[in-house]
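Hi,

Here is the structure I promised to pass on. Have a look at it first, and then read my notes below.

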2 protein chains.
Amino acid sequence: MTYDLWYWDGIPGRGEFVRLALEAGGIPYRERARQPDASLVDDMQAPRKQPPFAPPYLVAGRLTLGQTANILLYLGDKHGLAPASASGRYWTHQLQLTIADMVAEAHDTHHPVAASAYYEDQRDEALRRAANFRAERIPKFLGYFERVLDGYGDWLAGGRRWSYADLSLFHLVDGLLYAFPRRMGAVAGRYPKVMALHARVATLPALQAYFSSGRRLPFGDGIFRYYPELDGD
Amino acid sequence: MTYDLWYWDGIPGRGEFVRLALEAGGIPYRERARQPDASLVDDMQAPRKQPPFAPPYLVAGRLTLGQTANILLYLGDKHGLAPASASGRYWTHQLQLTIADMVAEAHDTHHPVAASAYYEDQRDEALRRAANFRAERIPKFLGYFERVLDGYGDWLAGGRRWSYADLSLFHLVDGLLYAFPRRMGAVAGRYPKVMALHARVATLPALQAYFSSGRRLPFGDGIFRYYPELDGD
């Protein structure tokens, strides 16, 4: 079965967390909203008993799965992208939800008032929220993942192979390096295991074809944005 | 096995979503941080291979589960608090994650800059964020749940019995009624099925002992707070 992944074209966004799992797992999928005949807005409004609240969503035969972490839970179960044990499954998912929390906070650094309004109209608020994110939240989250890797070794859920949470942490760190290069430059040395995981995923053989394909979109004006005034040491 | 639920004492917080599932399911648990010998801060720092990022967390024998939605996924699987089919399980979890998104946004109406700072120090930003939440986000989320119930009937995941997502939607709506009484008064009529679900859970026989026990804490200064200036029609 070929999955249909639906996500806004033009930015990696939350779709990228799903994409990385599909790509690294060698799982066939179509990037549905990038096809000429497709309209994400229309598809979102199509009658469905289990409608997604927002993209990304994955159509898997008769099933439509929404919520990034839920899609990854499904793919993890179905394609062995997480430990097979019950405790390993819940643990990997727990990590994914913590990654999702940090992703939402990274977004809100530039949109602390309204996702629907322009950055320029909430710049003052963004300056304050980003300062707090840099000072408190980056150390808290990255310190947590460092602690986890300290206990586990190369991968967040242990073992000799990556899980979907490792791919997501890679993309999260990648986004932070893009949006907060000065801050990340100042603190990266405190999180050597997190940074090593980032490098490890960046060089995964299973992802090289994707990385060189041109299909991995630049961050642009998505969740992770670079505004120099929101960055700092 | 008696579970240990760890959450800050004094507010319902995110712990309440877990508590409602345990109570409605008749599942034995101890409210660990409310016991005189217990320190949540100390326990959070205890060495653990799978440390939680934040409360609530549930200790289930040798397993420690963090992230509210992940705990509910586990309890759902273990105690039949969600449909047994694979599609029903992912669907219930997807709904729970959407509820969690709205809960986080409700929190940020009064803390749009920093969770660690006082409300009074981010009141200007809160006024703007709350206005957007009332105008755009309440209709978007509640409209979504109304649409789901339109397709399903009494319960979000169908069938003749509640799932953990129904209990969580009840608590979310309860929190919105507390924090935004004017706004909810103005729009509740548009979401009759959501409001009927709220009433249905409020009168569930399995929850009456809990509701009258005094253990269900008032919202107070938790996720849902009542500041008259953040409310409006």
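One salt bridge links domain 1 of chain A and domain 2 of chain A. A:Asp77 forms a salt bridge with A:Arg89, and their closest N and O atoms are 2.7 Å apart. Please keep in mind that this is a predicted model.

Chain A is split into domain 1 (3-79) and domain 2 (86-205), with 22 Å between the C-alpha centres of the two domains. The contact draws on 15 residues of domain 1 of chain A and 13 residues of domain 2 of chain A. Together the two domains bury about 1,200 Å², 74% of it on carbon and sulfur atoms. On the domain 1 side, A:Phe17, A:Leu20 and A:Ala69 lose the most area to domain 2 of chain A, and these three together account for 39% of what that side buries. As for polar contacts, the count between the two domains is one residue pair (both at pLDDT 80 or more). Helix 1 (15-24) and helix 3 of chain A each give at least two residues to the side of domain 1 that touches domain 2, and helix 3 of chain A has the largest share, six residues. By class, that side has eight nonpolar, four polar and three charged residues.

One residue of helix 3 (residues 68-79) of chain A that I looked at is A:Thr68. Is A:Thr68 buried or exposed? A:Thr68 counts as buried because its relative accessibility is 11%, and the cut-off for buried is under 20%. Leaving aside residues up to four places away in sequence, A:Thr68 touches A:Arg14, A:Phe17, A:Val18 and A:Pro56.

Now to the two chains. Chain B and chain A bury about 4,300 Å² between them, with 53% of that on carbon and sulfur atoms. B:Phe53, B:Tyr90 and B:Arg128 are the residues of chain B that lose the most area to chain A, together 18% of what that side buries. Each chain puts 48 residues into the contact. There are four salt bridges between chain B and chain A; B:Glu125 forms a salt bridge with A:Arg128, where the closest N and O atoms are 2.9 Å apart. Across this interface, 29 residue pairs are in polar contact (both at pLDDT 80 or more). Helix 5 of chain B supplies the largest share of the chain B side, twelve residues. That side divides into 20 nonpolar, 15 polar and 13 charged residues.

Best wishes

Terms used
Residues numbered from 1 in each chain as written. Chains lettered and ligands numbered in written order. Predicted model: local features only at pLDDT ≥ 70, side-chain atom pairs only at ≥ 80, totals over all residues. Heavy atoms only, no water. Helix = DSSP H or I, 4+ residues; strand = E, 2+ residues; numbered from the N terminus. Buried < 20%, exposed > 50% of the residue type's maximum accessible area, 1.4 Å probe, protein only. Contact = heavy atoms within 4.5 Å. Buried area = accessible area lost by both parts, 1.4 Å probe. Salt bridge = Lys/Arg side-chain N within 4 Å of Asp/Glu carboxyl O. Polar contact = N/O pair within 3.5 Å; in protein donor to acceptor, adjacent residues only side chain to side chain. Nonpolar A, V, L, I, M, F, W, Y, C, P; charged D, E, K, R; others polar. Domains from an automatic or database assignment.
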